[in-house]
Amino acid sequence: MVYGSRYEEKTGLVLRDLQSGDEKWLAYPVQRDEQESVASLGVLPAMAFTPDNQEILASYGGKIYRIPISGESAIEIPFDVNVELAIGPKLDFKYPISDDPNMFANQIRNAKPSPDGKQIVFNALNKLYVMKLPDGKPKRLTKMDIVETQPNWSPDGKEIVYTTWSDEDGGHLHKVSSKGGKPTKLTNASAIYNTPVWDAKTNRIVFTRGSAQSFKNAYLRGAFSGEEDLAWISSDGGAINFITKTNRRRNPHFVKNDNRIYLSNGSGLSSIRWDGTDEKKIVSVTGIITFGNSHKDNVDFGHVDDDIVEERNNASRPVEVYMAPEGDKAMALITNDVYVVTVPKYGQTPTISVSNPNSASFPSWKLTTFGGEFPTWSNDGKTVHWSLGKAFFSYNLEDAKKLEKEVEDKKKARKEELAKMPDDKRKDEEKKDKEAAKKNKDAETYLPIELDINVAIKRDIPEGAALLKGARIITMNGDEVIENGDILVVNNRIKAIGKSGSLEIPKKTEVIDVNGKTIIPGFIDTHSHLRTFAGIHKKQVFSYAANLAYGVTASRDPQTGTTDVLTYFDLVKTGEMLGPRAYSTGPGLGYWAYNLKSLEDTKEAIKKYSKYYNTNTIKMYIVGNRQHRQWVIQASKEQKLMPTTEGALDFKLNITEILDGYPGHEHSYPITPLYKDIIKSVAESQIAYTPTLLVSYGGPWAENYFYSRENPYHHKKLQYFTPYTDLASKSRRRPGWFMDEEHVFTKHAEFVEDLINAGGLTGVGSHGQLQGLGYHWELWATASGTSEMNALKAATILGAKSLGLDGDIGSLEVGKLADFIILDKNPLDNIRNTNTILHVMKNGRLYDANNLDEVYPRKKKASKFWWHQEKPDGLPGIKK
């Protein structure tokens with residue numbers, strides 16, 4: 001028997017005598033094994049004995065050998081094949097970056113109709129607005145300069161209650177006239193207040209509450225105990241009255257015919273008395289069985305991103321459930337869709353599956369075709385509303401039922417008419433009916449009313465002219481380096497670039513001396529996870545600030561978990577928040593949320609990204625089998641999206657995605673080394689390969705290499721831009737030390753070098769492992785196997801091409817956006833000089849890289865960052 005084994009960091013072949021048990025090494029080293037991935041093609045390349053059992057046929061080093069078991073030298077078997085590969089549709093779209101100062105907010109959140117149905121209230125960019133339906137102009141309700149969110153109407157429609165957050169004052173409940181004006185603060189104690197709702201019968205406001213300190217300390221999605229208590233307060237303000245612990249119940253609301261508080265959780269709906277007792281389970285609702293829960297391969301996909309909660313062998317569970325105001329129905333948001341179920345009146349708690357609403361145990365309806373968020377009932381219980389991006393939808397249940405009956409009656413009458421016809425004529429008519437049904441599908445399907453809510457906002461574009469004079473300029477326009485050059489920036493774009501002293505300079509141009517420094521294009525992080533706050537937001541996110549300070553001027557987050565990023569991205573565009581140009585795929589098109597049934601179904605699923613989220617790219621996260629994945633690529637081409645994929649440690653899967661035409665791949669291929677056949681296939685397919693070496697597949701993560709050798713905790717700049725809890729938890733105590741040769745990131749980086757030299761696309765993606773400095777670690781890991789120039793290309797122009805943004809960013813050329821970094825030292829001499837950043841220019845604004853103070857065109861200090869905490873100095877305690 002011959003088997004593979006490791007000796008030190010390399011793999012070899014061992015010959016075992018099955019009678020005596022004796023073993024000896026037969027070949028070493030050979031192809032690295034796949035013990036550290038899912039090994040979909042086997043842990044080693046397939047081997048076989050020759051018929052006489054005297055030799056083993058094995059492949060390594062990109063060749064095939066006959067290896068005598070006697071121990072003699074291996075004999076190469078010449079092998080050369082000419083292959084032509086048919087590759088799926090090429091998706092190579094360009095997404096120009098607009099300079100139009102006028103734009104509309106990309107997302108409205110928490111939209112609620114007024115009790116009379118004539119207006120809606122919502123928040124956009126963390127500000128409250130009201131709008132008259134159907135075509136009024138959104139009007140700001142307050143002039144508060146803090147986060148305003150989660151509004152709800154008073155029963156008479158005259159006032160609106162909402163929750164706020166500020167870094168200085170924490171969180172409070174406020175109310176304001178629905179006509180706008182000066183708000184009234186209802187609460188005295190700071191906390192994190194969630195989902196306030198106004199009860200008509202008692203004039204009380206019920207909400208969930210958590211510790212303000214918990215949210216102040218939070219640096220990821222939200223507070224650890226953000227919804228700990230259920231409580232109420234008078235609508236006039238005053239003392240808070242504790243009801244009960246939430247125990248993961250949330251979304252308080254009321255119905256008209258009783259005096260109870262209704263709550264929901266991941267299983268369904270319940271109600272309690274005002275003293276928190278007598279909980280009654282009302283209904284349990286389940287949804288579709290997603291692909292991740294239904295497929296038979298029990299594959300550990302591994303390395304899944306933080307935002308994914310994987311459940312197996314269970315139907316999907318509701319995110320939100322609300323009883324109808326009349327108490328006869330319930331509405332549920334499950335995975336991506338909104339459903340309504342009839343709630344029966346009998347002793348037991350029913351469990352209703354809406355995986356197929358037509359065959360549900362009680363009358364049920366699926367209202368959405370391509371998803372929805374923030375669902376809510378109208379006051380009369382006849383209409384369900386929801387939002388998607390900046391669109392507001394209204395689904396009238398009675399109108400839908402009426403149309404359904406009309407269609408059924410029409411079909412019944414037509415069936416009776418056809419039955420009276422001769423066979424030949426009936427068959428002809430049935431064929432015509434089928435063709436007509438395809439064309440008139442929408443006419444027979446109820447469609448909700450859809451309104452575009454256009455909140456006008458201003459894009460931040462600076463005014464002024466600056467000449468950066470005397471720097472070494474690495475343009476990334478090929479291998480061009482201008483040793484003593486100038487860059488002229490007018491407003492937010494590069495007006496001219498060339499040898500120092502050769503440019504025509506407009507009057508009133510500010511000259512910035514950069515003699516002896518090096519300028520390179522801003523870095524592009526093609527796989528960043530910025531991990532923003534969900535639900536209630538903060539005005540500044542540390543991950544955005546840290547990345548900008550470390551020279552990342554554009555980033556793409558492939559799989560955000562929630563759509564909160566749509567609001568954060570707009571806040572960056574308007575200049576209200578510091579950060580890179582932010583792009584994302586939105587929440588992943590993932591196996592945990594979908595079970596695609598057809599190409600048409602896939603087109604509808606993807607429409608929310610192309611039409612409503614405006615993401616440009618999507619993350620196809622192992623959403624199904626190969627047929628499903630091909631549907632995704634077909635639908636993406638039609639809707640001009642560029643999907644990227646999850647590597648999943650599955651090289652067989654990765655190859656099929658190349659063949660199917662996917663334009664992006666996330667995470668390193670788990671097999672190393674790779675040879676000419678794969679290098680050429682990846683290069684010529686133009687799939688953009690982002691290896692995320694800090695979380696290397698097939699071996700130890702590169703971040704452990706840097707953590708164990710860099711001592712990042714004591715980096716002053718990193719401490720300035722990172723919350724103490726985050727940095728300390730990652731760097732003060734950490735397992736995972738490996739000898740240098742055990743790490744695989746250099747081997748993966750060597751493939752990146754081969755790929756670039758073959759004309760392929762690649763990017764640098766930090767995976768959000770350590771915001772800011774982590775990007776440089778990823779870049780340095782890349783350069784461990786590439787030339788400095790190629791590493792910089794991956795970090796700039798090739799990353800821009802990978803995202804379809806190379807018309808505006810990625811290189812220093814006339815007409816492109818003024819996104820670049822001023823370095824103290826030359827990274828072509830030593831790649832670690834990328835972290836000698838003095839200043840960062842993004843969109844024509846120049847920032848001090850040590851604190852993000854703006855130094856041009858304005859002189860403006862950065863606001864105080866909420867994550868700066870006082871150290872416990874000068875206090876009673878043990879003295880040194």
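Which residue stands opposite Tyr583 in S42? Select Arg556 to find out: Arg556 is the residue facing Tyr583. Before going further, keep in mind that you are looking at a predicted model.

**Stop 1: two parallel strands**

Stay where you are and colour strand S41 (residues 552-557) together with S42. The two strands run parallel, and four bridges join them. Now show the side chains of S42, which covers residues 581-584. Arg581 and Tyr583 point one way, while Ala582 and Ser584 point the other way. Whichever way they point, all of these residues are buried.

**Stop 2**

Next come the aromatic rings. Across the whole structure, a search finds 40 aromatic pairs. Pick Tyr669 and Phe751 from these: the ring centres are 5.8 Å apart and the planes meet at 65 degrees, so the pair is edge-to-face, a label that needs an angle over 60. Tyr669 belongs to the loop between strand S46 (664-666) and helix H10 (676-685), whereas Phe751 is in helix H14 (residues 745-757), so this contact ties together parts that are 82 residues apart in sequence.

**Stop 2: a stacked pair**

Move on to Phe706 and Trp777. With ring centres 5.3 Å apart and planes at 15 degrees, this pair is stacked, because the angle is under 30 degrees. Here again distant parts of the chain are linked: Phe706 sits in helix H11 (residues 702-710) and Trp777 in helix H15 (residues 773-783), 71 residues apart. Both residues are buried.

**Stop 3**

The charged end of Lys538 sits over the Phe215 ring, 4.7 Å from its centre. For another lysine over a ring, show Lys717 and Tyr550: Lys717 lies over the face of Tyr550, at 4.3 Å from the ring centre.

**Stop 4: out to the surface**

Finish with Phe79, Val81, Val83, Leu85 and Ile87. These residues form a nonpolar patch on the surface, and together they have about 500 Å² of accessible area. Phe79 is found in the loop between strand S7 (75-77) and strand S8 (102-104). Is Phe79 buried or exposed? Its relative accessibility is 61%, so Phe79 counts as exposed.

Terms used. Residues numbered from 1 in each chain as written. Predicted model: local features only at pLDDT ≥ 70, side-chain atom pairs only at ≥ 80, totals over all residues. Heavy atoms only, no water. Phe/Tyr/Trp six-rings, centres within 6.5 Å; stacked < 30°, edge-to-face > 60°. Buried < 20%, exposed > 50% of the residue type's maximum accessible area, 1.4 Å probe, protein only. Lys NZ or Arg CZ within 6 Å of the ring centre and 35° of its normal. Patch = residues over 30% accessible without salt bridge, like charges linked within 9 Å, V, L, I, M, F, W, Y side chains within 5 Å. Areas by Shrake-Rupley, 256 points an atom, 1.4 Å probe, with all protein chains shown as cover. Salt bridge = Lys/Arg side-chain N within 4 Å of Asp/Glu carboxyl O. Pairing = 2+ DSSP bridges.
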